[in-house]
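Here's a quick briefing to read with the model open in your viewer. Have a look at the fold first, then go through the notes below.

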Amino acid sequence: MKRQVALLVNGEEYDVEIEPNRLLLHALREDIGLTGTKEGCSIGVCGACSVIVDGRLVSSCLTLAVACERKPITTIEGLAADGKLHPLQQAFLEYGGLQCGICTPGQIIAAKALLDENPRPSEEEVREWMSGNLCRCTGYYKIFEAVMAVVNNKITGEYLASRKRQEAKIQSLDVYKAESKTT
Ligand code: FES
Ligand code: FES
C-alpha cells in the first residue's frame with residue numbers, strides 16, 4: 001500500500017506517494033523528476049546512482065526511499081548555486097573529467113561526499129575513495145586530476161564557502177524550524 005513520504009532534496013521538500021519498496025533512485029528520477037542521478041548497474045557496483053543522504057554517500061539503487069524520509073538528500077542538481085557551478089563541476093569541465101555523462105553525476109557526488117568529510121585528502125585517499133565509481137569512457141586520470149584541482153584550490157578556492165551556503169539552505173527548511181519548536 002502506498003504511503004505519503006516527505007523527501008528533502010537539495011533544500012526543497014517533496015511529498016511523494018510511494019510504495020514502501022520504492023527505491024530512492026526511482027523516487028528521485030520518476031516521482032520527483034530529478035533525472036541527474038543515473039541508473040547504471042542497478043546492483044550497487046558502479047556508483048552512477050550515488051547521492052548523499054544525511055551526510056553519507058549512498059547508492060540510491062540499493063536504498064529505499066522511505067528510509068530517507070525527512071533526511072537531507074543531495075543530488076547533482078543541488079550542487080550549482082547562485083548561477084555558478086559547484087567547484088567540482090567546474091573542475092570536471094576544466095580538466096576534462098567527463099565524456100558520456102552517465103557516470104559523471106555519481107563521480108561528482110562521490111567527490112563531494114569525500115571533501116565534505118575531509119577537504120584536504122591525500123592523493124591516495126582520493127584514488128581509494130573514487131574507486132567505487134566506474135567510468136568506461138574517459139579513463140580515471142582526468143577525474144582524479146579534477147578532484148585534486150579542487151583539493152589544491154586550483155579552481156575557485158571557494159569550496160568551503162559553497163558548502164556553508166548549502167548547509168544554510170538546508171537548515172532554513174521549514175521542516176527543521178518546525179522540529180526545533182517541538183523539541
Ligand atoms: S546503479 Fe547504483 S551502483 Fe550502479
Ligand atoms: S564519462 Fe563516465 S562512463 Fe562515460
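The crossing of α2 and α3 is right-handed (right-handed if the near helix is turned clockwise from the far one by less than a right angle, left-handed if anticlockwise). Bear in mind that this is a predicted model, where local features need pLDDT of at least 70, side-chain atom pairs count only at pLDDT 80 or more, and totals for chains, interfaces and linings use all residues. Residues are numbered from 1 along each chain as its sequence is written, while chains are lettered from A and ligands numbered from 1 in the order in which they are written.

**Helix pairs**

- Helix α2 (residues 87–94) packs against helix α3 (residues 104–117) at about 130°, with the axes 10 Å apart; helices here are DSSP runs of H or I with at least four residues, strands are runs of E with at least two, and both are numbered from the N terminus.
- Axes are lines fitted to C-alpha atoms, for helices over the stretch in contact, and angles run from 0 to 180 degrees between N-to-C directions.
- That angle makes α2 oblique to α3 (under 35 degrees is roughly parallel, over 145 roughly antiparallel, 65 to 115 roughly perpendicular, and the rest oblique).
- On the α2 side the contact uses Leu88, Gln89 and Phe92, and on the α3 side Thr104, Ile108, Ala111 and Lys112; a contact means C-beta atoms, placed from the backbone, within 7 Å.
- By type, the residues of this α2–α3 contact split into four nonpolar, two polar and one charged (Ala, Val, Leu, Ile, Met, Phe, Trp, Tyr, Cys and Pro are nonpolar, Asp, Glu, Lys and Arg charged, and the others, Gly among them, polar).
- Helix α4 (residues 123–130) and helix α5 (residues 141–151) also pack at about 130°, with their axes 10 Å apart, which makes α4 oblique to α5.
- The α4–α5 crossing is right-handed.
- Glu123, Val126, Arg127 and Met130 of α4 meet Ile143, Phe144, Val147, Met148 and Val151 of α5, a set with seven nonpolar, no polar and two charged residues.

**The sheet**

- Five strands form an open sheet in the order β2-β1-β5-β3-β4, with mixed pairing; two strands pair if DSSP finds at least two bridges between them.
- At the edges sit β2 and β4 (56–59), each pairing on one side only, and the twist averages 40° from one strand to the next.
- Helix α1 (residues 24–32) packs on the sheet, touching β1, β2 and β3, and its direction makes about 100° with that of β2.
- Helix α3 packs on the sheet too, touching β3 and β4, at about 35° to the direction of β3.
- Strand β1 (residues 3–9) runs antiparallel to strand β2 (residues 12–18), joined by seven bridges.
- The β1–β2 hairpin has two residues between its strands, and Asn10 takes a positive phi near 55° there.
- With strand β5 (residues 72–74), β1 pairs in the parallel sense over two bridges.
- Leu8 has Glu13 as its bridge partner in β2 and Pro72 in β5, whereas Val9 is partnered with Ile73 in β5.

**Domains**

- The domain assignment, automatic or from a database, gives domain 1 (3–78) and domain 2 (87–163).
- Their C-alpha centres lie 21 Å apart, and the contact takes 14 residues from domain 1 and 13 residues from domain 2.
- On the domain 1 side, strand β3 (residues 50–53) gives the most, with three residues.
- That side of domain 1 divides into seven nonpolar, six polar and one charged residue.

Notes: Contact = placed C-beta atoms within 7 Å.
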